[in-house]
Amino acid sequence: MPQTDPVFTMNDGNQFRNLSMARFASLIAPVPADIDIIFRLADHRSFLAAFGSVMILSLVAELLIQPFLSRAIDRFNRKRIQVINQALFSISAVAAGFEIFLWGRIEAILLIMLLIIEIYYTISYQVYASMAQSIIRRKDAGNYNGLSEILGQTPVIMGALLSALIWSIVPLPYILLASGAAGMLFLLPLTYVRNASLQVSAQHSTSAGISMSRKMRWSTVLFIFLFNMPYVAVVSGNYLKPIFIAQLLNGSPGTLAESEIIYAISAVAAGMLAPFLIKKMGEFQSAMMFSLIYVAGSIMMPMFPIIGIFFLFQVSHGTGNAGNRISRNTLVMRNVPAEEIGRFNGNVQILVVMARISLLVLYILTIELIGVRMLMVITGAVVLTAVLAGTALRRYATIQMDNRLLPEKEPSVQ
């Protein structure tokens, strides 16, 4: 049986700071390599099918590992899971850098590293979300998620800024080597985070897989999934937006990096605004408002293939998706017990991955027929449909939609 730690809360400033720094370090290491790789794949029409296929392959891999990841998060030392994840990424990045430097097999390496980075981020986000669930008190959830969004976007801003500055002067092998070395070096902040293991009862044993407690019905999972659609569109847009930038805006890796910086700064602004709106409006109304902001940007962005206007609507994407995520995560943190969070998020993640696969298949099959601009509009319409469906499903979800109606509880970590 895993060992457990004493209860600690957001008032434990050292633990909160240590967790935030570790998350920051884990997220920033792959950013320069990720941006460079994605643009190189998107800039060549001959790579587009392989680019999309590898993204789908990464999602299939995520589906396969999700049951084991969900179970591990709820049963074992979460910090150790992230250490292994980060070490594997670092070793892969260094090996890829030497491979390109020595033998120059760049196309295959780009595709393999894209696969590895996608899986790395999937594991990292779930592990850090679960660690936070064990630390943060429910009444602090909105403020924490706002601050987490700000801190989470900082690596994107710094990494994208670095990419914008070095893409034309630093060869890809050196970027991969630097990202790999940073991943190993940035394990250090993680050592200061207290072990996050949970005591689980027999009913939550290995045989439970990713099945949630009966208290959490599938209608609740479906509701949270539907309000995940702005996120689904953002990550699926990692296929469409680089193509839009490279082929319609005639941009460069620097343009892609600049768009990521604008997105991240907008998300930081949402991180400051969303906790205030959650207190005034409740989580559901806030999530709805931010989702509609995202939809508006999605539909308008492809209508004007001009770099300045594209950047303008990136603001709506950054604000809308981040604000929605803060509201949605606060809703989950206020309702889901810490000992069940791995399986709950795992069930939602399975639906998210299936939606991402469906969108990517649509993109790959139709991009040459209807073009990237029409696919961006269709994606916005899909998000709008999902949000409206989530609103209709609201009455069936077994969670409170308004934080003002919730009694306070302490963390369930023992």
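Phenylalanine 223 counts as buried, because its relative accessibility is 1% (buried: under 20% relative accessible area, with a 1.4 Å probe and protein chains only). The model is predicted, so that local features need pLDDT of at least 70 and side-chain atom pairs count only at pLDDT 80 or more, whereas totals for chains, interfaces and linings use all residues. Residues are numbered from 1 along each chain as its sequence is written, and side-chain values use heavy atoms, with hydrogens and water left out.

With phenylalanine 284, phenylalanine 227 forms an edge-to-face pair, at 5.7 Å between centres and 65° between planes. This pair links distant parts of the chain, 57 residues apart: phenylalanine 227 lies in the loop between α8 (218-226) and α9 (229-248), and phenylalanine 284 in helix α11 (residues 283-300). Phenylalanine 284 has a relative accessible area of 4% and is buried. One aromatic cluster comprises Phe89, Tyr120, Tyr121 and Tyr125.

The protein as a whole contains 13 helices and 0 strands (DSSP runs numbered from the N terminus: H or I of at least four residues for helices, E of at least two for strands). Of its 414 residues, 59% are buried.

Technical notes: Buried < 20%, exposed > 50% of the residue type's maximum accessible area, 1.4 Å probe, protein only. Phe/Tyr/Trp six-rings, centres within 6.5 Å; stacked < 30°, edge-to-face > 60°.
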